[in-house]
Amino acid sequence: MLRVHDLSVDSTGRRLLDQVSFELAAGEQVGVVGSSGAGKSQLVAALLGLTAPGLVVSGSVQVEGTEVVGAGPAVWHPLRGRATALVAQDPATALDPLTRVGRQVALPLRARGVGRREAARRADALLAEVGLPGTARRFPSQLSGGQRQRVALALALVGAPRLLVADEPTSALDPTVQAGVLDLVDRVTGPGLAALLLVTHDLAVAARLCTRLLVLDAGRLVLDGPVADVLGDPLVADVVAASRALAVTR
Ligand SMILES: Nc1ncnc2c1ncn2[C@@H]1O[C@H](COP(=O)(O)OP(=O)(O)OP(=O)(O)O)[C@@H](O)[C@H]1O
């Protein structure tokens, strides 16, 4: 699904991501953990062609065999939403506040030539699948934060992506609704379904959803292995301490 080799991201005079290499198989559920500033978001951005202007990406990222480092819209167009899809931390970045959620979920289908009625029917079905039946005519402002993140997930799933990248998908949510959204992410990814790359501060969450963990520290990939091996590694103690400290300050 994904082959990453020597991926680096540089700012002027500073390396934010340093020669990261790993592979991710179809249907694999992999967590990316690391303390604040470790480079998790830079990794996600570089993988998905979303690196901020002014930063320089080097190395190689192949999405299902297609090289995407330095690729333009023509290369990304057939991949975005189908090969890869992103669920960001804040659903507000994915949703249009002025468009009813059913229409938002239907729009990518319409863009692919699906008829109006069929697109609406499929949007309704997808909203029901993420636990929001009957909400198609609501605006994002008429939904709770957890419900909005479910709509963002429906939007990410509409193209049946083969890799779902979720960057702290529940950290903006109330703890009481976090579990429901994570269960949903778990239900729609895994063997035979989409692969998952889950960025999280929370090792417990990563351990629950993922079979393998990547640990970033100061832009470097310092560990990559099965969850049990990584959690048992002394290097991870620092990450655990950092994530606990963060949980307390939050
Ligand atoms: N546009 C930018 N220009 C220069 N440096 C940046 C830019 N964006 C992020 N950085 C720096 O890159 C480093 C990695 O940031 P990144 O956001 O990837 O960390 P993170 O692991 O996702 O942290 P957090 O868990 O706090 O979100 C940080 O030191 C950050 O200050």
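Select helix α1 first: Lys40, Gln42, Leu43, Val44, Ala45, Ala46 and Leu47 are buried there. A residue is buried if 20 or more other C-beta atoms lie within 10 Å of its own, exposed if 12 or fewer, and partly exposed in between, with C-beta atoms placed from the backbone. Helix α1 covers residues 40-47, and seven of its eight residues are buried. Helices (H or I, at least four residues) and strands (E, at least two) are DSSP runs, numbered from the N terminus.

The model is predicted: local features need pLDDT of at least 70, side-chain atom pairs count only at pLDDT 80 or more, and totals for chains, interfaces and linings use all residues. Residues are numbered from 1 along each chain as its sequence is written.

Directly after α1, select Gly49, which takes a positive phi of about 70°. From Gly49, proceed to Gly72: the two are 23 residues apart in sequence and 8.5 Å apart in space, C-alpha to C-alpha. Gly72 lies in the loop between β5 and α2 (73-76). Is Gly72 buried or exposed? Gly72 counts as exposed, because it has 9 C-beta neighbours inside 10 Å.

**The four-stranded sheet**

Next, display the open sheet of four strands, whose order is β2-β1-β4-β5 and whose pairing is antiparallel. Two strands pair if DSSP finds at least two bridges between them. The edge strands are β2 (14-24) and β5, each pairing on one side only. Helix α1 packs on this sheet and touches β1, β2 and β4, and its direction makes about 65° with that of β2. Contact here requires C-beta atoms, placed from the backbone, to lie within 7 Å. Axes are lines fitted to C-alpha atoms, for helices over the stretch in contact, and angles run from 0 to 180 degrees between N-to-C directions.

Select Val4 to see how the strands line up. Val4 stands opposite Phe22 in β2 and opposite Val61 in β4. Strands β1 and β2 pair in the antiparallel sense over seven bridges. Seven bridges also join β1 (residues 2-11) to β4 (residues 56-63), again antiparallel.

Follow β4 onward to β5 (residues 66-67), with which it forms two antiparallel bridges. Here Val63 stands opposite Thr66. Two residues lie between the strands of this hairpin, and Glu64 takes a positive phi near 45°.

The bridge partner of Val32 is Leu214 in β9.

Two loops attached to these strands deserve a stop. Ala218 is in the loop between β9 and β10, and has a positive phi of about 50° although it is not a glycine. Ala218 counts as partly exposed because 14 C-beta neighbours lie inside 10 Å. Glu168, in the loop between β7 and α6 (175-188), has a positive phi near 50°. Glu168 is buried, with 20 other C-beta atoms within 10 Å.

Which residues touch the most other members of the largest nonpolar core? They are Ala154 and Leu196, in a core of 73 residues. Helix α5 (residues 145-157) supplies the largest share of this core, seven residues. The core draws at least three residues from each of domain 1 and domain 2. A nonpolar core is a set of buried Ala, Val, Leu, Ile, Met, Phe, Trp, Tyr and Cys residues joined through C-beta atoms within 7 Å. Around Ala154, select Val105, Leu126, Leu127 and Val130, which it touches when residues up to four places away in sequence are not counted.

Finally, colour the chain by domain: domain 1 is 2-83 + 165-249, and domain 2 is 97-160. These bounds come from an automatic or database domain assignment. The domain centres, taken over C-alpha atoms, are 26 Å apart. The contact takes 11 residues from domain 1 and 10 residues from domain 2.

Methods: Two residues are in contact if their C-beta atoms, placed from the backbone, lie within 7 Å.
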